[in-house]
Amino acid sequence: MATRTGELLQGTLGILILKALLADSTHGYGIARWIEQTTRDTLRIEEGSLYPALRRLEDRRLIASEWGISDNNRRARYYRITADGRAHLRAEAAAWTRYAGAVTTVLRAAPALA
Amino acid sequence: MTRPTPPAAPRPATWRRYLRFWGPNVGADVRDELQFHIDMRTREFEARGMDPQDARQAALARFGDMARVDAALQSHDRRVDRTASVREFATNVGADVRHAVRALRRAPGFATAAILCLALGTGATATVFAVVDALLLQPLPVQHPGNLVVIATTSSGMTLPGDDSYQNYLDIQGTHAVLEDAAASLTDAFNIRVGNQTDLRTVQAVSENYWPMLGVRPVLGRTFTPEEARARAPFAVIGYRYWQQAFGGAPDVVGRAVSVDGIPLTIAGVAPRDFTGAHPMIIPDLWVPVTLLYEIDPSTHDQMQRRAGGGFRIIGRLQKGVSLATAQSALNVLATHLQHQYPADDEGKRFVVQRELRARPDIAVSDLVPRVAVVFMALTTLVLLIACANVASLMLARANGRRTELAVRSALSRRRATSASTRRSRTHRATSSAPCAGRHRKDQGRVPAAGLDLVICFRGGNYADRVLFVPQREFVPRDILPAVARP
């Protein structure tokens with residue numbers, strides 16, 4: 001599963017991270033876990049690319065980070081979404097939905113798949 | 001899933017603050033972040049019933065290439081940290097300088113104390129270094145100072161090498177196998193009369209080849225030639241300082257008359273400003289050919305003829321490609337020869353040859369110089385360190401008094417107190433120190449320690465941040481904030 005969704009995730013990992021941070025700020029593991037739980041393990045993000053992706057988003061000021069204490073009393077780096085990040089997520093989500101809808105329409109067009 | 005509580009202020013172990021003297025530890029932060037991820041995943045797998053060993057393995061396998069990600073994150077974070085601090089520094093410097101000047105004007109007592117401390121510290125160090133530099137390190141301002149040597153004499157009764165007689169000098173000058181040439185000078189004080197004014201001045205009687213051998217060009221007029229010296233032509237060369245003092249730097253000084261102990265001489269030229277003789281500790285006012293010495297001071301007649309005694313400092317030039325050791329052995333041969341030929345005068349006489357730069361300030365004591373110089377430089381460096389420490393403790397004491405102000409500042413600031421705002425107040429402190437240090441540094445051209453105290457201030461300030469101001473959020477009761485915010 002992970003291998004087959006890997007390519008797809010490359011382009012969309014940013015949107016997934018932003019969406020995960022929309023409700024509340026959390027650490028890298030929290031983001032990965034939220035995506036897994038929300039999609040009931042359909043999407044499993046590649047953890048090796050999660051942290052570099054977080055750095056890229058932070059460089060673009062779509063998210064911000066600071067050190068905090070986790071609920072099991074460990075030092076952890078917490079990420080939160082910025083105002084720019086919210087705006088970016090809205091635009092990207094709309095484009096993604098349009099794109100997914102278009103692909104779905106194509107796939108449903110006649111002749112039907114066997 | 002369980003959401004963590006909103007992040008509280010991090011609370012690292014107290015002693016860890018002392019490890020952060022050189023700023024944030026990027027490597028440790030990246031490791032902490034990734035380790036946290038692995039630990040959480042391991043816990044998740046354990047909760048699903050895996051045994052701890054397997055859970056850890058599975059978590060690592062799930063993550064992928066840990067080392068590669070770690071390296072990529074570290075290099076990214078280092079770059080970000082660098083550019084962030086550079087940008088922050090650049091944008092803050094202007095405001096900080098203004099803030100520093102204001103703060104110093106608000107506390108003139110503190111400013112005076114700090115300025116005095118640093119002025120004394122850097123002043124003392126710079127002075128000692130300037131003396132050491134001029135006396136021991138700078139080569140003579142003559143042609144090819146590298147192959148100049150000083151030749152001194154020890155006789156049976158004397159342990160320290162010193163001057164020799166003129167007759168022995170002539171023999172030393174004759175060792176052309178090792179010495180290209182050698183010049184001798186005798187320094188004494190004589191009464192010099194210019195117009196109606198007479199004062200006691202330092203006069204150097206020099207061998208006829210003194211000027212051509214050193215290759216020094218006068219700033220005004222000319223020097224006396226060997227032919228003139230041999231013909232006892234009454235010409236003198238005056239020193240730059242003496243020219244300024246006695247003649248007010250008059251451009252028409254060449255050709256004027258001076259008299260040395262009653263003997264009338266004509267000024268032939270003025271030595272250049274940086275040339276003050278071949279001995280670093282003696283600044284002659286006037287040079288005369290040694291052939292005139294007898295006329296100026298008849299009592300020197302015997303001295304010029306005898307081989308015993310001394311008075312003449314000998315400086316020579318090594319032949320090209322001749323080493324100091326070769327020159328020394330040639331002079332040993334000469335010494336043995338002289339001992340045999342003139343047993344009455346030259347008994348037990350030996351010659352010592354040393355490079356001119358190594359014969360500072362005088363060949364008699366130059367062996368001790370490295371040790372003495374180290375002691376003096378260490379002492380003055382200590383003085384500078386003490387001055388820095390004084391100012392640092394002054395600043396600490398003052399910072400202690402400003403705790404409330406700093407706490408309010410950081411509490412009102414939009415950013416977290418422990419991140420950028422302290423970096424900014426650290427820049428404040430570094431720039432507060434700069435004007436102090438700058439005022440007296442203007443005229444200290446060559447101060448090697450110039451940037452050092454700024455570094456100490458900057459890093460020390462950084463350090464003080466972590467030790468003094470980390471817990472500052474606790475100093476502000478929450479209810480102070482509305483009161484401060486209200487006008």
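## A walk through rings, an arginine and some cysteines

Let's start with B:R307, which lies in the loop between α10 and β9 of chain B. Helices and strands here are DSSP runs, H or I of at least four residues for helices and E of at least two for strands, numbered from the N terminus. Keep in mind that this is a predicted model, where local features need pLDDT of at least 70 and side-chain atom pairs count only at pLDDT 80 or more, while totals for chains, interfaces and linings use all residues. Residues are numbered from 1 along each chain as its sequence is written, chains are lettered from A and ligands numbered from 1 in the order in which they are written, and side-chain values use heavy atoms, with hydrogens and water left out.

Is B:R307 buried or exposed? With a relative accessible area of 10%, B:R307 is buried; the cut-offs are under 20% for buried, over 50% for exposed and partly exposed in between, using a 1.4 Å probe and protein chains only. The side chain of B:R307 makes a polar contact of 2.7 Å with the side chain of B:D171, and another of 3.4 Å with that of B:Y342. A polar contact is a pair of N or O atoms within 3.5 Å; within protein, one must be able to donate a hydrogen and the other to accept it, and residues adjacent in sequence count only if both atoms are side-chain atoms. Leaving out residues up to four places away in sequence, B:R307 also touches others, including B:D164, B:L338 and B:K349, where contact means heavy atoms within 4.5 Å.

B:F312 sits in the loop between α10 and β9, and its partner B:Y166 is in helix α5 (residues 166–173), 146 residues apart, so the pair links distant parts of chain B. Their ring centres are 5.1 Å apart and their planes are at 55°, so the pair is tilted. Here's the rule: rings of Phe, Tyr and Trp (its six-membered ring) pair if their centres lie within 6.5 Å, and planes under 30 degrees apart count as stacked, over 60 as edge-to-face and the rest as tilted. B:Y166 is buried at 10% relative accessibility, and B:F312 is buried at 1%.

How many aromatic pairs are there over all chains? A search of the whole structure finds 11. Over in chain A, the rings of A:W96 and A:Y99 have centres 5.8 Å apart and planes at 45°, so this pair is tilted. Both residues lie in helix α4 (residues 83–108), three residues apart, or about one turn of the helix. A:W96 is partly exposed at 37%, whereas A:Y99 is exposed at 52%. Back in chain B, one aromatic cluster is formed by B:Y210, B:W211, B:F224, B:F275 and B:W287.

Now for the cysteines. The whole structure has zero disulfides over all chains, a disulfide being a pair of cysteine sulfur atoms within 2.5 Å. B:C117 is buried at 19% relative accessible area, and B:C388 is buried at 12%.

Finally, step back to look at chain B, with its 17 helices and 10 strands. Of its 487 residues, 42% are buried.
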